[in-house]
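Dear colleague,

I am passing on the structure below, together with some notes on what was found in it. Please read the notes with the model open beside them.

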Amino acid sequence: TGWAGFVESANAPEAYREQAVPAARHGLRVNTLITRCLPEVLDIWEAVAARTPIRHLRWALVHLNVASEEALARIRRLGVVVTTNPISYLWRSGAAEALRAGDPHRLMPHRSLLRQRIPFGLATDNKPANPWLAFRAVVERRDMASGEMLGARERLTRLQALRAMTVGGAWITCSERTQGVLAPGRCADMAVLDRDPLSAPLETIDRMTVRLTMVGGRLVHGRA
């Protein structure tokens, strides 16, 4: 995948349906940006799934922003996966997004995703490309400007956030057999940080640095 800038292609519902139906029939994975159109996309995916199973294809709802309990139940029944963008919608503009949502607990409901057993991962959207800022955002759930806490019941623990970044990310990319955890038979990919993200002061998390990086068991950065 190459970087091509921010370009969004919008489709009318019927045009989108015409693309989704053959994608399912031919066993193709569909990834759809649903920041403002989750109900409409779920309507189409449910209609497609009624004719052609999609659960095994792991279709992805990208940038899940606001979701009700009813919407989460629909997502679970479809068996699809989710990514969220907490830097943009919890940290940078969280207060405004919570106001738009009506209830801050509907904004990026990460704990509810866990409760519903919906696989999800955390994205950065390069705003900035710092996964630890996303980690901090889902643990704190505070607006950048005001410091207001947004939907405390949906905060993740540090371990839950770390699993979303690792195990969750591996599942979403269909690489759970080789990545996501350090274990025999998996890829020996790892980074050694200058502090423990599970115990370091939360306000320092997004400033962590990498001391050592290994890819496939080979040292590519730092010293052993």
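Arginine 77 lies in helix H3, residues 69-78, where helices (H or I, at least four residues) and strands (E, at least two) are DSSP runs numbered from the N terminus. With a relative accessibility of 52%, arginine 77 counts as exposed, the classes being buried under 20% relative accessible area, exposed over 50% and partly exposed in between, with a 1.4 Å probe and protein chains only. Its C-alpha atom is separated by 22 Å from that of serine 175, a residue 98 positions away along the chain.

This is a predicted model, in which local features need a pLDDT of at least 70 and side-chain atom pairs count only at pLDDT 80 or more, while totals for chains, interfaces and linings use all residues. Residues are numbered from 1 along each chain as its sequence is written, and side-chain values use heavy atoms, with hydrogens and water left out.

The chain has a mean pLDDT (the predictor's confidence in each residue, from 0 to 100) of 93, and 96% of its residues reach 70 or more. Over residues 1-7, however, the pLDDT is below 50, and beyond near neighbours in sequence this stretch has three contacts (heavy atoms within 4.5 Å) in the model. Where pLDDT is low, the predicted coordinates should not be read in detail.

Turning to helix packing, the axes of H7 (residues 131-140) and H8 (residues 158-165) come within 9 Å and cross at roughly 140°; axes are lines fitted to C-alpha atoms, for helices over the stretch in contact, and angles run from 0 to 180 degrees between N-to-C directions. H7 is therefore oblique to H8, given that angles under 35 degrees count as roughly parallel, over 145 as roughly antiparallel, 65 to 115 as roughly perpendicular and the rest as oblique. On the H7 side the contact is made by Pro131, Trp132, Phe135, Val138 and Val139, and on the H8 side by Arg158, Ala161, Leu162 and Met165.

Nine of the 10 residues of H7 are buried, so this helix is largely enclosed by the rest of the structure. Among the elements covering these buried residues are helix H4 (86-92), helix H6 (110-115), strand E4 (120-122), H8 and strand E5 (190-193).

Helices H1 (residues 13-25) and H2 (residues 38-51) also pack, at an angle of about 35° and with their axes 10 Å apart. Their contact involves Pro13, Tyr16, Arg17, Ala20, Val21 and Ala24 of H1, together with Val41, Ile44, Trp45, Ala47, Val48 and Arg51 of H2.

With best regards
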